[in-house]
Amino acid sequence: MIRTVTIPLQESASDMAREEIVKQVAHLSNSLRNPRISADGSKFEFDVPEEEAEDTKHHAQHLCALIQRSLRNLKRKVVYRTRALSRPLIRGTTAPGEGIFMAGRGQVMLEGMPLQLFRYFDTALAGLEKHWTTQELLTPTLIPADVLAKCDYFRSFPNTVTFACHLEPEASVINRFRARHEKRTTLDREALADMATPEACLSPAVCYHVYHRNQGLTLPPEGIAYSVRGKCFRYESSNMRELTRLWDFTMRELVFLGTSESVLEERERCVQIIGQFLDDLGLAAEIRTASDPFYIAPDASSKTYFQLTAETKYELSALLPDKERLAIGSLNYHTDFFGRAFDITVEGAGPAHSSCIGFGLERFVCAFLAQHGNDPSNWPDAVRTALVEESLEALD
Amino acid sequence: MERVIQLISQIGGIGSVTPDAGIYEAGFSSVRVLELLLALEDEFRVSIPDQDFMAARTPREIFGLVERLQEPKPA
């Protein structure tokens, strides 16, 4: 039996608090559904199985108080608004259409036109990197657990980690596992006990590899820029749906390591270059301050507060149907956190500072189709032309 | 001023800082700023604007901000 839980909020929830509460509550329970905040912002409601209701309510109350406390009366700062945002036109949906096949929770296969769009965005975003002299880095999908620990991931985002498991490499364990699964189509309850402690995880971001690669190095005074693209994995619990929030997705990143001044300067350049790109795509979007969804821990609210007030994170927020929004990328400044964690220094300037500009390729496809629809005749010329040329090349 | 320095040291888990030392340079972690802000608001019964707080980098600047906010406003 499903029960609707209602939580009165301490004060009317601001726009930011609304978004954060709905986004973060998903991590309280896998069976929590339909989180919503009343139009006047005075109460938060969700649906959950009766037996979980009291426990989830208790945690949700704590979460709401924490988020409202950390966001205080902060307002988002918008650093770029696209032209289309002043008169947004939503022609499509976020529902998976032709060429988008959901293979499992948070897992997608693309073919046909959505795949062409995916390739277009990958190429076009890589093209934006011509403004810098970048070094390419081919990265593994796995990331050593100790590298992720250095990135503070197990403290800040333990809820989203995907561990790479394998059986204990012992014949007795493997034989037992094999015998138990001879006729099963799913893993049994004992399977987890057969696994070795994971030494690696599936990487949640590609920029972490860059810091690992530069561990212990001294960089030239002018710093260094990397171009990276790879698969990323974030377990988003009941938030996972359609192309908007995948477990397994593709990220393209531009990573800068250098002095504080240089990496911040590059990030500001990126705001203008990416803003222009969003305008060329005719997307209704804005680049605005944002925070990461830190796991509910004692210092989470303080981290959120710091990110928003110090403007260390901007997100590319695109409009979706029903006034929803989707972050299709972000521009992050990490201060010298990774420089210190990985002992990376800049010649004559101390620990390296870093910034990274990340794009979620499947989310670009999603936002584009949601706004422009499936009919290419409604698309911007640049995209349509590029896709026609690609089709012709494929025929040659 | 003494109490401001005490709060910075306690919350930041750092030794005593001088009035004109940058608190972040002295080791105060940025992830503790909200804690410090809320403690100052409780202690001095003021409401501190976020951007003003982030701009104050030393105990003296923080104390000055709190003092200004405590001054009675003209009717």
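Start at Glu315(A): its bridge partner in β16(A) is Ser330(A). Before going on, the ground rules. This is a predicted model, where local features need pLDDT of at least 70 and side-chain atom pairs count only at pLDDT 80 or more, while totals for chains, interfaces and linings use all residues. Residues are numbered from 1 along each chain as its sequence is written, and chains are lettered from A and ligands numbered from 1 in the order in which they are written.

Back to the strands. Strand β15 covers residues 313-319 of chain A, and strand β16 covers residues 325-333. Strands here are DSSP runs of E, at least two residues, and helices are runs of H or I, at least four residues, numbered from the N terminus. β15(A) and β16(A) pair antiparallel, over 7 bridges. Pairing means that DSSP finds at least two bridges between two strands. The two form a hairpin with 5 residues between them. In that turn, Asp322(A) has a positive phi of about 60°.

β15(A) also pairs with strand β14, residues 285-289 of chain A. That pairing is antiparallel too, over 5 bridges. Glu286(A) stands opposite Ser317(A) there. Why is β15(A) called largely enclosed by the rest of the structure? Because 6 of its 7 residues are buried. Buried means 20 or more other C-beta atoms within 10 Å of a residue's own; 12 or fewer is exposed, in between is partly exposed, and C-beta atoms are placed from the backbone.

Next, a second hairpin. Strands β5 (residues 100-104) and β6 (residues 107-110) of chain A pair antiparallel over 4 bridges. Met102(A) faces Val108(A) in β6(A). There are 2 residues between the strands, and Gly106(A) takes a positive phi near 70°.

One has 3 strands in the order β8-β10-β9 of chain A, with antiparallel pairing. Its edge strands are β8 (142-144) and β9 (162-164), each pairing on one side only. Neighbouring strands are turned by 45° against each other on average, direction ignored. Axes are lines fitted to C-alpha atoms, for helices over the stretch in contact, and angles run from 0 to 180 degrees between N-to-C directions. β9(A) is joined to β10(A), residues 200-202, by 3 bridges, and Thr162(A) stands opposite Leu202(A).

The other sheet runs β11-β17-β18 in chain A, 3 strands with mixed pairing. β11 (218-219) and β18 (350-351) each have a single partner strand, so one side of each is left without a neighbour in the sheet. β11(A) and β17(A), residues 345-346, pair in the parallel sense over 2 bridges. Thr218(A) stands opposite Thr345(A).

On to the interface. The contact takes 11 residues from chain A and 9 residues from chain B. Contact means C-beta atoms, placed from the backbone, within 7 Å. On the side of chain A, helix α9 (residues 300-309) gives the largest share, 6 residues. That side divides into 4 nonpolar, 4 polar and 3 charged. For those classes, Ala, Val, Leu, Ile, Met, Phe, Trp, Tyr, Cys and Pro count as nonpolar, Asp, Glu, Lys and Arg as charged, and the others, Gly among them, as polar.

How do α9(A) and α2(B) pack? At an angle of about 95°, with their axes 7 Å apart. They are therefore roughly perpendicular to each other. The cut-offs: 65 to 115 degrees is roughly perpendicular, under 35 roughly parallel, over 145 roughly antiparallel, and the rest oblique. Ser301(A), Ser302(A), Tyr305(A) and Phe306(A) meet Val33(B), Leu34(B) and Glu35(B).

α9(A) is itself largely enclosed, because 10 of its 10 residues are buried. Those residues pack against α2 (50-71), β14 and β15 of chain A, together with α2 (33-44) and α3 (50-55) of chain B.

One last residue. Leu125(A) lies in helix α3 of chain A, residues 112-128. Leu125(A) counts as buried because 21 other C-beta atoms lie within 10 Å. Not counting residues up to four places away in sequence, Leu125(A) touches Arg252(A) and Phe359(A). Its C-alpha atom is separated by 8.8 Å from that of Ile274(A), 149 residues apart along the chain.

That's the tour.

Note on methods. Two residues are in contact if their C-beta atoms, placed from the backbone, lie within 7 Å.
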